[in-house]
Amino acid sequence: MEVKDQNEHNLEKKMLPPTTGTFQSREELLKHVRDFALTQGYMVSIRDSAKDRYVTVACDRGGVYRKRLKNGENMRQRKNASRLTNCPFEVVGKKDDDVWTLTVKNGEHNHEPSKDTSDHPSCRRFTEEEVLIIRDMSAAGKRPRQILKALRQRNPNLVSDSRNVYNVKAKIRRGSLSGEDIQGKKAEASCSSSMETMNTNGVAATVTQTQPMVHNSFAMSQAYVESKEVTETKALVAELCQHFYPLGWLSGTGGSITIRVHDGSIPRQHQLIVMSPSGVQKERMVADGMYVLSSDGFIMSTPSLKLYPYQPPKCTDCAPLFMKVYEICNAGAVIHSHGLEACLVTMINPFSKEFRITHMEMIKGIQGHGYHDELVVPIIENTAHEGELTESLTEAMRAYPKTTAILVRNHGVYIWGDSWISTKTQAECYHYLFDAAIKLYQLGLDWSSPNHGPLRSINGLWGCSGNSSRGPKVGTFGLDYMIEPSQRCLLLTIEGTVTPMSFVTDILFPYAHDNVQKHLAMTYDSEETQHDIDLLRSQIQEDLEQGVAGAVPIPPDYVGKELVIASLAANVEAMISTDRKVTSLKQLEGHIWRAGFQSNELVGVVFEDVPEALEKWHASGTKVYIFANGSREVQQLLFANSNYGDLRKYLCGFFDTTVGNKQVARSYFEILQTVGVDRPADMLFVTDSFQEAVAARAAGLEVIISIRPGNGPLPQNHGFRTIASLLEI
């Protein structure tokens with residue numbers, strides 16, 4: 001009787017293998033095995049796999065431990081429920097004729113069912129789809145706890161915690177979890193492919209792709225395409241088309257608008273996209289006339305066919321360019337305008353590769369710019385067909401990562417922003433500035449200089465005949481009186497030239513060192529500081545792997561922000577003490593100094609000759625630029641809050657080491673190209689550093705070395721002119 005009861009008891013506890021059968025995809029087969037295993041009290045993991053041929057799935061308690069002995073005892077300890085037992089359970093899925101077949105190789109287990117599956121490491125592993133979400137949300141700057149919240153909204157049964165998210169992020173960062181690991185070894189689609197869909201009347205609509213067509217892990221159902229979020233976005237695009245038409249931006253069926261469908265439950269990079277069609281009267285647009293595309297550029301919804309005289313619907317020819325902007329800039333909306341001012345402003349100088357303007361109030365409406373900044377918009381050449389602009393537009397976006405607009409000569413402009421509101425606001429500001437430049441040009445005034453003084457005459461520039469003794473022609477668009485691209489300008493460093501070395505070493509650096517913990521504690525939950533922390537985590541992880549002195553591990557968020565802040569502060573203080581020049585530190589220092597300047601705890605100290613020299617150069621029409629190791633934001637804060645007041649009105653622009661190292665000649669070539677100086681000798685560089693002077697001279701610039709109290713010694717017979725005051729220039 002006891003034997004019978006024991007057998008019945010064992011039968012009740014026996015864990016069954018999953019039912020065999022055929023499946024349409026590898027993912028469907030794996031889900032079937034995993035879901036069934038959970039009902040039986042065991043967990044499985046992939047033991048071996050060839051993405052398109054077979055997959056072997058085993059019990060996660062299979063295998064044995066490697067010997068890691070200390071004093072005769074195995075150091076590898078785990079909970080009993082998840083400890084390896086060399087379990088023989090194994091099932092195999094094989095692909096044959098596009099169908100996956102599941103067979104059971106060994107359906108037996110040598111352990112008891114688990115009562116709590118969360119003990120199993122395999123239960124805390126993320127699916128391929130979840131890893132994609134972690135990767136994309138990390139790239140978008142989301143914190144682990146925000147990522148975990150999004151994952152749990154999609155899967156309430158998720159048992160993983162923020163530690164597991166950190167582990168996946170670390171693997172992605174180190175490259176050990178590559179795109180192939182995440183998505184499998186998939187064939188790349190061609191960079192110029194197309195997808196054709198049929199509308200309800202059988203009319204083909206085609207959109208050209210400029211990126212590999214990979215199926216989105218957030219596959220949208222037709223029901224979602226007809227959801228409230230999508231419907232409202234389509235109506236918004238139609239409304240904006242009607243609004244911009246009277247401004248001349250979308251006349252003659254030209255121009256286009258596209259907006260991402262905002263949905264907080266879906267990562268930004270996977271949100272649907274609404275686009276206006278091509279060849280239609282934009283002032284008569286309605287919501288039903290819009291195209292809906294997936295984030296990969298697949299058309300998911302098309303407008304219905306209208307009777308004559310309407311043409312069959314066609315997705316905008318701007319589609320491949322829009323998709324590139326979404327891909328590279330992570331935009332929330334894009335406007336392509338055919339506004340007359342955007343066209344004409346590219347024709348004033350037919351050889352210029354940039355539009356530049358400064359000291360105009362509306363510059364403040366452009367993302368990342370202020371009144372004193374120089375706004376730079378790249379110009380690309382027009383082509384016969386819109387889609388052919390994709391390559392040059394892509395190159396311009398990569399060459400000007402901070403721009404939110406690109407002009408197309410004799411054509412129009414592409415403008416984007418984080419949201420439709422930001423895009424609309426910036427579009428209005430850009431068109432205002434283009435129009436202002438045209439009107440200033442008609443008045444003979446220079447829109448690219450701070451004082452907007454008279455344009456300089458150029459005799460015979462670009463093959464145009466002209467008399468250099470004549471005054472500017474007001475109200476004409478002749479090319480005789482352009483801004484002289486090779487005019488004299490100055491490039492100054494800050495430390496040892498404009499400010500004492502002691503200001504940086506004795507004031508700025510100690511201030512950052514002393515206020516790290518306070519700053520992190522006060523701003524910990526802000527998006528900016530969380531981004532700073534993510535950069536620091538990455539840098540510190542690299543330092544730990546390379547054995548950098550002073551680097552200490554940063555605990556995950558769940559241990560409490562006090563411990564996280566203390567560990568971060570210890571690392572930052574060590575970096576400052578050893579004068580590290582890493583991006584993560586420079587960015588955090590800049591934010592700490594900004595807070596110091598804004599609270600009046602810091603005042604920028606400049607030599608007494610600096611204000612007078614800047615004013616003198618400004619009055620003579622000489623453009624002055626700054627090139628320093630500190631970020632552009634820090635440079636502007638220093639000059640805005642100097643011991644002689646706000647000096648930014650005398651400066652035309654700021655450069656930091658994003659253009660390159662100050663001791664490399666290539667950096668100065670980049671500055672020359674950006675500023676628009678054709679002859680390097682027409683730019684005078686003033687620095688305290690011999691190495692920087694050598695690099696600038698190699699680029700062809702004139703160079704003067706500044707001799708100030710506290711500056712380092714120079715080599716004998718260095719060969720450079722020196723000055724003790726900027727007033728000597």
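**Notebook: salt bridges and sheets in a predicted model**

I began with the side chains of Arg648 and Asp646, which meet in a salt bridge at 2.9 Å, N to O; I count a salt bridge where a side-chain nitrogen of Lys or Arg lies within 4 Å of a carboxyl oxygen of Asp or Glu. Arg648 is partly exposed at 21% relative accessibility, and Asp646 is partly exposed as well, with a relative accessible area of 32%. For these labels I took buried as under 20% relative accessible area, exposed as over 50%, and partly exposed as in between, with a 1.4 Å probe and protein chains only.

Before going on I noted the basis: this is a predicted model in which local features need pLDDT of at least 70 and side-chain atom pairs count only at pLDDT 80 or more, while totals for chains, interfaces and linings use all residues. Residues are numbered from 1 along each chain as its sequence is written, and side-chain values use heavy atoms, with hydrogens and water left out.

**Other salt bridges**

By the same rule I find 21 salt bridges. Salt bridges that share partners join Arg47, Glu90 and Lys105 into one network.

I then looked up Lys439 and Asp435, whose side chains meet in a salt bridge at 2.8 Å, N to O. Both residues lie in helix H12, four residues apart, which is about one turn of the helix; helices (H or I, at least four residues) and strands (E, at least two) are DSSP runs, numbered from the N terminus. Lys439 is partly exposed at 44% relative accessible area, and Asp435 is partly exposed at 29%.

Next came Arg708 and Asp609, which form a salt bridge at 2.9 Å, N to O. This pair links distant parts of the chain, with Arg708 in the loop between strand S23 (702-706) and strand S24 (721-723) and Asp609 in helix H17 (residues 609-619), 99 residues apart. Arg708 is buried at 7% relative accessible area, and Asp609 is buried, also with a value of 7%.

**The nine-stranded sheet**

I traced an open sheet of nine strands with mixed pairing, in the order S13-S12-S11-S10-S14-S18-S17-S16-S15; two strands pair if DSSP finds at least two bridges between them. The edge strands, each pairing on one side only, are S13 (299-301) and S15 (354-358). Neighbouring strands of this sheet are turned by 25 degrees against each other on average, direction ignored; the axes are lines fitted to C-alpha atoms, for helices over the stretch in contact, and angles run from 0 to 180 degrees between N-to-C directions.

Within the sheet, S10 (residues 256-260) and S14 (residues 333-337) run antiparallel and are joined by four bridges, with Thr258 opposite Val334 in S14. Helix H9 (residues 319-329) packs on the sheet, touching S10, S11 (273-275), S14 and S18 (412-417), and its direction makes about 35 degrees with that of S10; contact means heavy atoms within 4.5 Å. Helix H12 (residues 420-442) lies across S10, S14, S15, S16 (374-380), S17 (405-408) and S18, running at about 145 degrees to S18.

**Around strand S19**

Both faces of S19 (residues 489-492) are covered, with Cys489 and Leu491 buried on one side and Leu490 and Leu492 buried on the other. Four bridges join S19 to S20 (residues 623-627) in parallel, and four bridges join S19 to S22 (residues 683-687), also in parallel. I followed Leu490 to its bridge partner Val624 in S20, and found Leu490 opposite Leu684 in S22.
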